[in-house]
Amino acid sequence: MSKIAVFSAGSWGTAFSLVLADAGNDVTLWARRDEVVDAINDRRENTDYLPGIELPPSISASTDPEQVAADADVVVLTVPSQSLRENLASWAPILPSDATLVSLMKGVELGTLMRMSEVIQEVTDASAERIAVISGPNLAREIARREPAASVVACLDEERAKQLQAITHGPSFRPYTSVDVLGCEIGGAYKNVVGLAVGMAVGLGFGDNTTASVITRGLAETARLATAQGANPLTLMGLAGLGDLVATCSSPLSRNRTFGERLGQGMTTEEIYASTRQVAEGAKSCKSLLALAERTGVDAPIAAAVDAVVDGKMTALDMMNSFIARDTKAEMG
Ligand SMILES: NC(=O)C1=CN([C@@H]2O[C@H](COP(=O)(O)OP(=O)(O)OC[C@H]3O[C@@H](n4cnc5c(N)ncnc54)[C@H](OP(=O)(O)O)[C@@H]3O)[C@@H](O)[C@H]2O)C=CC1
Ligand SMILES: O=C(CO)COP(=O)(O)O
């Protein structure tokens, strides 16, 4: 049994705590609001993010980061990507110095264009071998309902990846290992952007030909950037690439797809932000991925178009038309 600290108690932090608890671990969740902590400790439910799902006694919660981190073998980070740096800067001094640091986040930092594992390394000074990423087709609510799913545990240190695999493998969750941290992170961040584009197609009332075309070209775009950065192309064909892309683009549970759907129906980004507190990481990361693609010298037409719609510079319909009108000479289907 491992002692695991999970920062924080949103949809995925809470659902992943269930995975960890089912696998026999002792979990402490950090939440920034007292009412979330009280609901978890007293009512055994995260009423805000996973209503109706019972949490076992091996999961407890606290607003005190020091209490959460104390004696943890593994520290799991799952705040919205753009808030990681600021939060982690305040937690870094209290994290156990030999704990494995695990990112569940799917985004790229605005401005620095850093992946989450890079932010973690910079802020904590931990070696890259101590930092892992878990990414795959893992919609939080389905995981919390114990529907069977698989994921990738990626770490440059293969032994550490295997240890994490062993402590996360449970009755309904099957982790695979990888050393391709970069490929998993680019796959996880890019699928959110493609999910937004697919959502727009759905919001406009288009059917499966359109969504399949966007998904497939989205995968090509993801693989182009990831491999240019040094990822293993096979990672993008796996659970952290194609797998996650399919789950996100197919499911009404995806916040990114839903965000895109609302854009497709004519809502503005500001109106959507005002209507929900849940994160759609792709709405911010499309800018970072686009800049990363420019810096790497690869083409990113879907990220560019999604960014323009999110910024209100293009309508979702114009985005779909630009996808069809695009000069295709240089690309293979
Ligand atoms: N949900 C899913 O199915 C999956 C999500 N992920 C990834 O996990 C990460 C977290 O997403 P998810 O749990 O879904 O998000 P949610 O929106 O469900 O929860 C966000 C959590 O972060 C807290 N939070 C929000 N803003 C801040 C901030 N500025 N500082 C500190 N804490 C903050 C929220 O607290 P409060 O309630 O107080 O606002 C809440 O606990 C994302 O990168 C996402 O891509 C990965 C796989 C699956
Ligand atoms: O990452 C996810 C599924 O693997 C969750 O996707 P959303 O953030 O779009 O809900």
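Is lysine 191 buried or exposed, and how many C-beta neighbours does lysine 191 have inside 10 Å?

## Lysine 191

Lysine 191 counts as buried because it has 33 C-beta neighbours inside 10 Å, where buried refers to 20 or more other C-beta atoms within 10 Å of a residue's own, exposed to 12 or fewer, and partly exposed to values in between, with C-beta atoms placed from the backbone. Lysine 191 lies in helix α8, helices being DSSP runs of H or I with at least four residues and strands DSSP runs of E with at least two, numbered from the N terminus. Not counting residues up to four places away in sequence, lysine 191 touches Asp244, Leu245 and Thr248, a contact being a pair of residues whose C-beta atoms, placed from the backbone, lie within 7 Å. An unreviewed UniProt entry places the feature "active site" at Lys191; UniProt positions are given in the numbering used here, feature names are shortened, and annotations may be inferred rather than shown by experiment.

## Basis of the model

This is a predicted model, in which local features need pLDDT of at least 70 and side-chain atom pairs count only at pLDDT 80 or more, whereas totals for chains, interfaces and linings use all residues. Residues are numbered from 1 along each chain as its sequence is written, while chains are lettered from A and ligands numbered from 1 in the order in which they are written.

## Two domains

The protein chain is divided into domain 1 (3-179) and domain 2 (188-325), with bounds that come from an automatic or database domain assignment. Taken over C-alpha atoms, the centres of domain 1 and domain 2 are separated by 25 Å, and the contact takes 20 residues from domain 1 and 23 residues from domain 2. On the side of domain 1 that touches domain 2, the elements giving two or more residues are α6, β7 (149-155) and β8 (173-178), and the largest share, three residues, comes from β7.

## The shell around ligand 2

Of the 13 residues around ligand 2, Asn138, Leu139, Ser254, Arg255 and Asn256 come nearest, a residue being near a molecule if its C-beta atom, placed from the backbone, lies within 6 Å of it. The shell draws at least three residues from each of domain 1 and domain 2; α8, α11 and α12 each supply at least two residues, and α11 gives the most, with three.

Helix α12 (residues 255-264) is mostly covered, since 10 of its 10 residues are buried, among them Arg255 and Asn256. The buried residues of α12 pack against α8 (181-203), α11 (239-250), α13 (269-275), α14 (282-296), α15 (301-310) and α16 (316-325).

## Annotated binding positions

For "binding site", an unreviewed UniProt entry lists Ser11, Trp12, Arg32, Arg33, Tyr49, Lys106, Ala140, Arg255, Val279 and Glu281. These positions span 271 residues in sequence and the farthest two C-alpha atoms are 23.0 Å apart, so they do not all gather at one spot.

Tyrosine 49 is found in the loop between α2 (34-43) and β3 (59-62) and counts as buried, with 23 C-beta neighbours inside 10 Å; leaving aside its neighbours within four places in sequence, tyrosine 49 is in contact with Gly10, Ser11 and Thr14. Alanine 140 is found in helix α6 (residues 140-144) and is buried, with 22 other C-beta atoms within 10 Å. Leaving aside its neighbours within four places in sequence, alanine 140 is in contact with Ser11, Trp12 and Ala15.

Methods:
Two residues are in contact if their C-beta atoms, placed from the backbone, lie within 7 Å.
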